Amino acid sequence: MDTINLYEAKTNLSQLVERAAAGEEIVIAKAGRPLARLVALAQRTAERPLGLFAGQAELGADFDDPLPDGMRLAFEGRAP
């Protein structure tokens, strides 16, 4: 585990991310006080199954029809 000060971490962020992705744990400190830990994201051990919710939801035939004027204006922040 390596400790890096915040200024150095800002100037070398891409290199530190590469090191963390390779499995190294890096602590980022400010004035010698640890603030954060940079580590690699956990890797998935198995593929996520496709179609997990197949048949449990339906889209209506009017799914992509234009919104009614009142709802459209509300989304645009111009509600009456």
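I began at D2, which counts as partly exposed at 27% relative accessibility. The model is a predicted one, so I kept that in view.

**D2 and its partner.** I looked for what D2 meets. Its side chain forms a salt bridge with R19, at 2.7 Å from N to O. The two sit in distant parts of the chain: D2 in strand 1 (residues 2–5), R19 in helix 2 (residues 13–21), 17 residues apart. I checked R19 as well; its relative accessible area is 28%, partly exposed.

**R19 again.** R19 also meets E24 in a salt bridge, N to O at 2.5 Å. E24 is partly exposed, at 31% relative accessible area.

**The other group.** I then turned to E76. E76 and R72 form a salt bridge, with the closest N and O atoms 3.3 Å apart. E76 is partly exposed at 41% relative accessibility, and R72 is partly exposed at 31%. I found D69, R72, E76 and R78 linked in a network of salt bridges. The count for the model comes to five salt bridges.

**Whole chain.** I read the pattern along the sequence as β-α-α-β-β-α. The radius of gyration is 24 Å, well over the 12 Å that the globule rule gives for 80 residues, so the chain is more spread out than a compact globule. The C-alpha trace spans about 60 × 40 × 20 Å along its principal axes. Of the 80 residues, 11% count as buried. I noted an accessible surface of about 7300 Å², with 55% of it belonging to carbon and sulfur atoms.

Technical notes
Residues numbered from 1 in each chain as written. Predicted model: local features only at pLDDT ≥ 70, side-chain atom pairs only at ≥ 80, totals over all residues. Heavy atoms only, no water. Helix = DSSP H or I, 4+ residues; strand = E, 2+ residues; numbered from the N terminus. Rg over C-alpha atoms; globule rule 2.2 N^0.38 Å. Buried < 20%, exposed > 50% of the residue type's maximum accessible area, 1.4 Å probe, protein only. Areas by Shrake-Rupley, 256 points an atom, 1.4 Å probe, with all protein chains shown as cover. Salt bridge = Lys/Arg side-chain N within 4 Å of Asp/Glu carboxyl O.
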